[in-house]
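Have the viewer open while you read.

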Amino acid sequence: MLRVALFIAFLVVPVLEIWALIQIGEVIGGWQTVGLLILDSILGAWLVRREGRRAWRALNQALQSGRMPDRELADGALLVTGGALLLAPGFLTDVAGFALVLPFTRPAARRALAWFLGRRVRAMAARSPYGAVFGGGGFGGPAPDGAAHGSSRVVRGHVVEEGADGRT
C-alpha cells in the first residue's frame with residue numbers, strides 16, 4: 001500500500017501537474033499561467049500564515065485550559081501538509097493544499113484524517129501481541145468467533161445483598 005502511494009506521489013502527480021500546466025497554458029497563455037501560479041503561491045502563503053497563527057492561538061488556549069488539544073494538533077498537521085502542497089508548483093497540488101488549509105474545508109479533511117488514523121491504529125492493534133485483549137479485531141472490532149466482546153470469559157460468583165440493618 002505504501003509503495004503504491006509513493007509511486008503515485010512521485011511519478012503520477014508530477015506528470016498530471018505538467019499535463020495540467022500545458023492545458024491551462026494553451027487556453028490562457030504561457031505568461032498568464034506563470035502569473036497565475038505566482039498569484040496562487042502568494043495567496044497560499046498568506047493563507048497558511050494566517051491560519052497557522054489562528055491554530056497556534058487555539059493550541060495555546062487549549063493547553064492553558066488543561067484540555068487535550070487533539071483538534072488543534074490535527075489542524076496544525078493539516079496546515080503543514082497543505083502548506084507543503086502549496087509550495088509545490090502546479091495547480092493540482094494547490095487545489096489539494098487549499099482544501100487542507102481553508103477553514104471551511106479543513107473540518108472535512110480532519111474527519112478523513114481521523115478515520116484513516118483510526119483504521120491504522122485498529123489494524124496495528126490487531127497485529128500486536130495484545131490483539132486478543134481487544135477481541136482480535138483491534139479496538140471495538142468484532143471478536144474472532146463472532147461473539148460479543150467479553151462473552152468469551154465467564155466470571156463465576158454470587159450476588160450479595162445488604163440486609164435491612166445495612167450489614168451483608
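What follows goes from the overall fold to the core and then to one glutamate.

## Ground rules

This is a predicted model, so local features need pLDDT of at least 70, side-chain atom pairs count only at pLDDT 80 or more, and totals for chains, interfaces and linings use all residues. Numbering runs from 1 along each chain as its sequence is written, and side-chain values use heavy atoms, with hydrogens and water left out.

## The fold

You're looking at five helices and zero strands, where helices (H or I, at least four residues) and strands (E, at least two) are DSSP runs numbered from the N terminus. Of the 168 residues, 24% are buried, meaning under 20% relative accessible area with a 1.4 Å probe, protein chains only.

## The core

The largest nonpolar core has six residues: L47, A55, L79, L86, F98 and V101. Such a core is a set of buried Ala, Val, Leu, Ile, Met, Phe, Trp, Tyr and Cys residues joined through side-chain atoms within 4.5 Å. Helix 2 (30-64), helix 3 (70-87) and helix 4 (91-101) each give two or more residues to this core.

Leaving out residues up to four places away in sequence, L79 touches E51, G52, A55, V101 and R106 (contact is heavy atoms within 4.5 Å).

## A buried glutamate

E72 sits in helix 3 and is buried, at a relative accessible area of 5%. Beyond neighbours within four places in sequence, E72 is in contact with A58, L59, A62 and R67.

With R67, E72 also makes a side-chain polar contact of 2.7 Å. That term covers a pair of N or O atoms within 3.5 Å; within protein, one must be able to donate a hydrogen and the other to accept it, and residues adjacent in sequence count only if both atoms are side-chain atoms.

Technical notes. Buried means under 20% relative accessible area, exposed over 50%, partly exposed in between (1.4 Å probe, protein chains only).
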